[in-house]
Amino acid sequence: MSHIDNDRPPYLGYGLGLRVEHYQELLDHPHGVDWLEIVSENYMVPGGLPLVWLERFRARFPLVMHGVSLSIGGTDPLDDGYLARLDALARRIEPAWVSDHLCWTGVQGVNLHDLMPLPYTEEALDHVVARVRQVQDRLRRRILLENVSSYLRFADAQLEEWEFLAAVAERADCLLLLDINNVYVSARNHGFDPLRYLDGVPVQRVQQFHLAGHEQGEALLVDTHDAPVPSPVWALYEAAVRRFGAVSTMIERDDHMPPLRELVAELDDARRLAEPLLRAAA
Amino acid sequence: MSSLQSMQLRLQQAVMAAAASSPPELVGDGIADAKTRLAIYRHGYRARLREALAGEFPALASLAGRRFPSLLDRYAEACPSEHYNLRWHGAGMAAFLRYALPWRERPAFAEAAELDWAISTCFDAADEPAIDAEALAAIAPDAWAGLRLAPPQHLQWLALHSNVDAFRSAADSAASRPHLRRRAQPRQLIVWRQGLTVRYRALEPMESALLAAAARGEPFATLCEIAAGHAPPGQAVARLAVLLRGWVDAGLIGALQPGET
């Protein structure tokens with residue numbers, strides 16, 4: 001087994017997901033953005049403009065890597081080529097941490113390009129724990145796993161989602177990226193109390209928060225990342241700050257992209273909400 | 001096969017299938033039934049692939065017009081994504097259009113896809129150096145005959161019977177859609193990256209023959225012989241010199257390799 005860096009990554013403050021629409025504006029007006037999260041796969045390329053931009057941002061901001069195709073819960077063997085490219089990118093930009101999702105993305109060589117939920121069973125738990133260890137050995141670092149929005153209910157589920165998430169983190173010794181919007185969306189779609197979810201997640205494992213918006217579908221909430229953070233998610237974020245303390249927080253927006261100043265203003269809202277709570281708790 | 005593996009396979013098939021059916025592992029509740037829950041993934045799968053492909057194929061989109069969405073859906077059904085980067089799902093588009101009906105009867109569709117894909121792959125190809133005019137000026141007169149001019153590795157060649165490059169140019173500049181024109185003999189078109197900018201242009205037969213010879217590793221003396229076969233008597237060296245300067249200015253010469261002495 002190779003050496004894994006078990007040091008807890010630093011607290012980074014308040015960040016944004018790096019999106020092409022804001023490239024130049026972010027370099028020209030970086031005020032109010034403490035750090036950036038990149039989508040790993042967008043920069044796992046041989047060369048050209050994406051890597052040139054990435055180096056510019058690396059010179060100005062702390063970066064973290066967030067992947068969408070690790071398929072940690074998938075039943076195909078882990079993709080060696082993918083892991084090699086992920087590792088190469090991590091060596092190149094030295095991110096504060098590397099994350100992906102607690103999900104599967106396809107089987108038998110197919111990639112659905114979606115974050116498919118796992119059944120919360122003992123079988124799935126054993127499977128995921130073994131693969132997280134494999135990935136952490138390969139990358140020589142602890143990874144963060146994010147809770148996904150789930151719309152499916154599995155007949156054979158044995159654990160609640162938060163129990164599964166906590167068990168993965170404890171047994172595999174990984175860290176967690178808690179998406180507050182996803183907790184809220186899944187709570188509404190599955191009829192559980194989101195505060196119960198937060199209470200079930202081990203405090204010392206949570207390294208990052210995502211904040212985002214969603215939309216109301218016909219019967220279910222859909223995690224669209226195309227709208228401002230709504231008030232119930234802000235309320236849940238406040239509860240999360242009270243429970244987990246100073247956790248690096250990020251606004252995640254993927255569609256209906258507003259001007260950068262609107263996202264920075266939203267990030268300021270997060271800062272104004274969290275900082276008094278953190279000072280009071282200090 | 002483990003139960004997790006078989007569940008994932010059945011669920012994947014249900015997401016990708018044309019007709020909706022819910023695997024037995026899924027259940028509903030008072031909030032939504034299993035079919036409604038699955039529908040979010042089925043809809044998301046198609047919408048995501050369509051959106052990603054549409055962004056990669058502007059010339060094809062312009063050429064196909066209102067048929068483009070159904071073309072994308074047919075491609076996604078026939079060729080599921082196998083790459084970790086959604087952008088790379090389009091790698092098989094040109095080949096698909098060459099064999100699938102009705103598009104194989106419209107060869108310009110495959111040519112448009114080929115051009116779009118060449119531009120896309122050049123965009124983030126590995127960085128390569130390019131020589132400048134000073135490097136050419138520094139070559140000793142007696143070294144020219146054996147000199148090899150190496151174009152960049154990412155340079156791509158397309159043989160086009162139609163003016164799909166005009167469709168791409170129009171799409172990139174939001175200009176009006178051109179008329180499709182076909183020719184019996186193909187034009188050679190090259191796609192390459194100069195610094196960080198992807199470029200493409202058609203080549204006249206003499207330039208095409210010379211650049212192809214350079215790419216094969218032929219020495220400069222051979223390029224002179226090829227030029228003599230294309231240019232009017234006495235003009236070959238001058239024409240070659242103009243082309244060579246143009247290649248250097250366009251970043252089409254990645255390296256100079258001296259001949260064996």
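1. Let's start with B:Glu128, which sits in the loop between helix 6 (107–123) and helix 7 (133–137) of chain B. Keep in mind that this is a predicted model.

2. Buried or exposed? B:Glu128 comes out as partly exposed, because it has 18 other C-beta atoms within 10 Å, and a residue needs 20 or more to be called buried.

3. Five residues from domain 1 of chain B and eight residues from domain 2 of chain B make the contact. On the domain 1 side, that's four nonpolar, one polar and no charged residues.

4. Now for the two chains together: 39 residues of chain A are in contact with 39 residues of chain B. On the chain A side, helix 2 (49–60), helix 4 (122–139) and strand 6 (153–154) each give two or more residues. By class, that side has 21 nonpolar, 12 polar and six charged residues.

5. Strand 6 of chain A is worth a look. Two bridges join it to strand 1 (residues 26–27) of chain B, and the two strands run antiparallel. Within that pairing, A:Arg153 stands opposite B:Val27.

Key. Residues numbered from 1 in each chain as written. Chains lettered and ligands numbered in written order. Predicted model: local features only at pLDDT ≥ 70, side-chain atom pairs only at ≥ 80, totals over all residues. Helix = DSSP H or I, 4+ residues; strand = E, 2+ residues; numbered from the N terminus. Buried ≥ 20, exposed ≤ 12 C-beta atoms within 10 Å, placed from the backbone. Contact = placed C-beta atoms within 7 Å. Nonpolar A, V, L, I, M, F, W, Y, C, P; charged D, E, K, R; others polar. Pairing = 2+ DSSP bridges.
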